[in-house]
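Let's work through a few exercises together. Keep the sequence and the 3D view open while you follow each solution.

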Amino acid sequence: KVIFHNCKFTSNVDFDDSTLPDTIVFSKIKSTETIDLTNTKLDSTKTVNGQKCLINLINAPIEKFNFTYDNFRIYKPDTIPSILLYQQLNSVYEQLLKNFKNRGYTSSYKILDLEHQRFKTFQNPNLSTTELLIRKFLFYVNKLWHNHGYNKERIWGYTVIFLLLFSLLNLIFFPFLINEVYDIKQIRNSAPIDFFNSPVWRFKSAFFYTAIIFFGLKMSIGNINFKNGFGVFYIFFQYVVGLICLAYLINFIISSNLIGA
């Protein structure tokens with residue numbers, strides 16, 4: 001552990017080619033110049049074991065630091081004993097994120113932001129047991145869905161999966177759905193009379209039936225038989241999932257500049 005707690009630096013601080021310790025402490029330092037940690041390195045043991053140098057930046061002038069996050073992790077205890085410490089660490093994360101953004105360190109910003117999301121979810125002492133469970137559930141949903149916004153392209157795979165899954169389910173219950181729950185006349189009128197007994201036509205009909213519900217921006221309420229409550233709920237569930245997928249697909253296309261790029 002190397003400790004610079006309460007130190008004051010009045011000239012450039014250059015750690016060029018220095019090997020980092022397990023922990024380096026810059027809490028409550030003062031500096032009028034840049035503290036450059038960009039060319040530091042980890043020893044071979046840490047590199048092999050995937051370990052990083054823990055850096056303590058509580059109450060430090062974070063805007064004066066210049067480093068990427070490849071070799072570092074924010075120092076914090078496994079359990080946050082007080083709200084004050086949580087607020088101090090949260091402030092460190094927010095200021096360092098701003099530092100990385102201003103310096104254009106995109107990769108470091110992503111790593112730190114994902115770490116910050118986990119910290120706010122799992123180590124916030126302000127949360128009640130119920131709030132913690134809800135936060136954890138939403139955290140894992142966001143991680144699985146699009147990795148907290150960093151893997152938005154996953155929506156293409158999820159859209160295909162949902163479309164095929166609903167198509168298979170609708171294939172099984174197709175006669176009931178089109179006759180007793182939601183009738184789509186265009187599909188019924190385009191199929192041969194015995195299409196229920198034709199595997200090919202039944203699969204095609206079930207797929208297009210699903211696609212119309214899944215990607216349709218509105219449903220024909222007059223064609224819905226509300227007497228079949230469970231069937232109606234199932235149809236609307238498909239519709240809502242489809243709207244969510246469409247919204248994320250549009251967001252991905254806009255944010256990725258795919259149109260007009």
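**Exercise 1.** Is Ser190 buried, partly exposed or exposed?

Step 1: Buried means under 20% relative accessible area, exposed over 50%, and partly exposed in between (1.4 Å probe, protein chains only). Step 2: Ser190 has 47% relative accessibility, so Ser190 counts as partly exposed. Step 3: To place Ser190, look in helix 7 (residues 185-190); helices are DSSP runs of H or I with at least four residues, numbered from the N terminus.

A word on the source: this is a predicted model, where local features need pLDDT of at least 70, side-chain atom pairs count only at pLDDT 80 or more, and totals for chains, interfaces and linings use all residues. Residues are numbered from 1 along each chain as its sequence is written, and side-chain values use heavy atoms, leaving out hydrogens and water.

**Exercise 2.** Which residues of helix 5 are buried, and where do they lie on the helix?

Step 1: In helix 5 (residues 154-172), the buried residues are Ile155, Tyr158, Thr159, Leu163, Phe166, Ser167 and Asn170. Step 2: Viewed down the axis, they fall within an arc of 165° (taken from the directions from the helix axis to the C-beta atoms), so they line one face of helix 5. Step 3: The face turned away from this buried side carries the exposed Ile161 and Ile172.

**Exercise 3.** How are helix 3 and helix 4 oriented to each other?

Step 1: Their axes (lines fitted to C-alpha atoms over the stretch in contact) come within 9 Å and cross at roughly 155°. Step 2: Angles, which run from 0 to 180 degrees between N-to-C directions, count as roughly antiparallel over 145 degrees, so helix 3 is roughly antiparallel to helix 4.

Conventions. Helices (H or I, at least four residues) and strands (E, at least two) are DSSP runs, numbered from the N terminus. The expected span of a helix is 1.5 Å times one less than its number of residues. Angles under 35 degrees count as roughly parallel, over 145 as roughly antiparallel, 65 to 115 as roughly perpendicular and the rest as oblique.
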